[in-house]
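Trainee: I would like to take a close look at a single part of this model. Could you go through it slowly with me?

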Amino acid sequence: MRHRFDRARAHLEGRGAILVVAGIYAVFILYMQYSKHRWVITRPDTFRDFLPILHVELSVYLLLVIALVSFVRSHALSFLMLSLYYLISLCDWCAWFIINRPFHFADIQRAIEFVNFFPGFAFMGPDMALRLGIMLLSMAPAAFLIGKFPGRENKTWGRLVANAGLVCLGCYVILLPYLIGSYDLRQNSLVRMVGEIRYEYRLRHTPVSGADINKVLGACQDRSGGIFTPVARDANIVIFVLETTPYRYYEDSIKRFSRQIHDAFHVNAWMMDEHYSTYPESDRAILSIMTGKYPPLERGSGWVRSYDYAGSLPRVLKEAGYKTIMLSTAPLDFHDNRHMMEALGFETIIDSSLAKKALTIRGDVRMFERTKLYDADRELILKAQEIIASHPTHRYLLAIVPQASHAPFQRPPRYVGDGSQASLIQANAGWQVEQIREIIGALSRHGQLDRTWVIVTGDHGLRHPAETNLFTDLNRLSADTFHVPFLLFARKVLPPTVRRPTSHIDITPTILDLLGIPYPPYAYQGRNLGRGCARSIFWLGGDYLPVSGFTNQGRYFMENRNLGLVLKGPRFDFSPDRKSGAERCTESEQRFVAYNLNLIKRLLMDSDD
């Protein structure tokens, strides 16, 4: 027995550099696991509660170290493998602190795109930046030790390291009986990441039943008894997709604006009291508006080139003889958005020249001076008025997508307020509705208001603490993220305000119905806004948020798979406050929530569905 022990120690003496490097990395890996659970994941109360969690993290790493020390003779290869594990752990640590979910390799491409186009968001608190810097710098002395470790020439050093390694291993073995009873391998960072990849793989390779999908999305496809009589076959369509419009902060401005428009132009407004975006990102939200479908859940932007855009609103209207025009202040090169707009069927795409002036490129880094985007929005509105004047008789679809009111929120022209986030959002709400007023005024001046339908909605609401301090909890679904305004203005007798939940996917079929343009049953996942339907409406976090949810039969549900947090409530409010009425789901309800969310995710995992 002693002979074997001496042989093991002799082997370790020659691997002293690898043991020291493994020890340095182990300290930081354990700290990452501790801080993730301390601030984001399980939030244990005592250090004793942390021991099983740290044990799970260390055990997998220890297996790697033992394998490298036992079977890999190359110091360089061992250092490379340890550093790779360490960097993956570091990326996972950052992912948890930024978006509260495990790291995915697609996050690297997303981060590069984000930093390239929106460097203003590419910042972190000084405390976290310091920690990240220390962890990265720790790799430098580790690399130095591989080549210069004294144990190679000095046997005393090698023996000391070997003995220390054996002592640490012995202490760990002594603790095993205490730790093994609470061992949960799912708490390991690498296992979590692999688990997410396996979860997505299963979603992609599980067939979807059409009957189940129709049941979840709503089987009501009866279009008899139209709510718009007679249909407006020659109507122009103007769609405003306002930027970052949390309904709670826009409600007063929108309702006051509706009354003012009615008094000034004798135009009625049809309002949705509970209208929701589908996804907390502009491009996929716009896709839902224009296609009547939930957006694909492919990570990254590769789906843009492979998506099936058949049946999109611009394509259908272009076939019906409409001019289709998109005006945008947003950078259309981001996420390949220009190609998406072209594929949707917009034959004329115009982005503001002033928006380009707000963009400066230093090296390969794009910097936006966001205050200049208000001038770009003004240019956009003036261009829209020119288009209206130049189409006195020809029918058109005009989509207007401003950008200046994007977070981080700036002070719009003529701002009066205390500078708080709520004040800035409300001021930007006033700024955006003033732009809509000008467009309605132009339609009136050119005699087109009687035959034009003006639709006003938002892309999404508040999404992340980095954008505003009004958003505080990434672990729970928030109505401030998905609840957005919806109004339809027309010189018609319109139905009363709709109180039930509606979605962006309902906009395209509603427009086609009011124009009297036929479409096949189940061509769209949405339905006419004016007809009730037994269905679920989904809110998809995708890779932007770690939570998703839906409403069904007056009940509201959310799921955070990473934390095992599944909640229900009588309204869209899952805050920990008791007044919200939110509570944990029973086991049967958890299965119901998982079934519905997995079903819609399977449908949306393939972008050609």
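Trainee: At what angle do helix H4 (residues 75-99) and H9 pack, and how far apart are their axes?

Mentor: Before the answer, please keep in mind that this is a predicted model, in which local features need pLDDT of at least 70 and side-chain atom pairs count only at pLDDT 80 or more, while totals for chains, interfaces and linings use all residues. Residues are numbered from 1 along each chain as its sequence is written, and side-chain values use heavy atoms, with hydrogens and water left out.

Helices (H or I, at least four residues) and strands (E, at least two) are DSSP runs, numbered from the N terminus. Two packed helices are described by the angle between their axes and the distance between the axes. Axes are lines fitted to C-alpha atoms, for helices over the stretch in contact, and angles run from 0 to 180 degrees between N-to-C directions. H4 and H9 pack at an angle of about 75°, with 10 Å between their axes, which makes H4 roughly perpendicular to H9; angles under 35 degrees count as roughly parallel, over 145 as roughly antiparallel, 65 to 115 as roughly perpendicular and the rest as oblique.

On the H4 side the contact (heavy atoms within 4.5 Å) is made by Tyr85, Ile88, Asp92 and Trp96, and on the H9 side by Ser189, Leu190, Arg192 and Met193. These residues divide into five nonpolar, one polar and two charged, where Ala, Val, Leu, Ile, Met, Phe, Trp, Tyr, Cys and Pro count as nonpolar, Asp, Glu, Lys and Arg as charged, and the others, Gly among them, as polar.

H9 also holds Ile197, which counts as partly exposed because its relative accessibility is 43%; buried means under 20% relative accessible area, exposed over 50%, and partly exposed in between (1.4 Å probe, protein chains only). Ile197 is 93 residues from His104 in sequence, but their C-alpha atoms are 8.1 Å apart in space.

H9 has another partner as well, for the buried residues of H21 pack against several elements, including helix H9 (189-204), helix H10 (210-217) and strand E12 (536-539). Helix H21 covers residues 587-605, and among its buried residues are Glu589, Val593 and Met605.

Finally, the loop between E12 and E13 contains Asp543, which counts as buried because its relative accessibility is 6%. Leaving aside neighbours within four places in sequence, Asp543 is in contact with Ile99, Arg101, Arg110, Tyr279, Arg299 and Gly300.

Conventions:
The expected span of a helix is 1.5 Å times one less than its number of residues.
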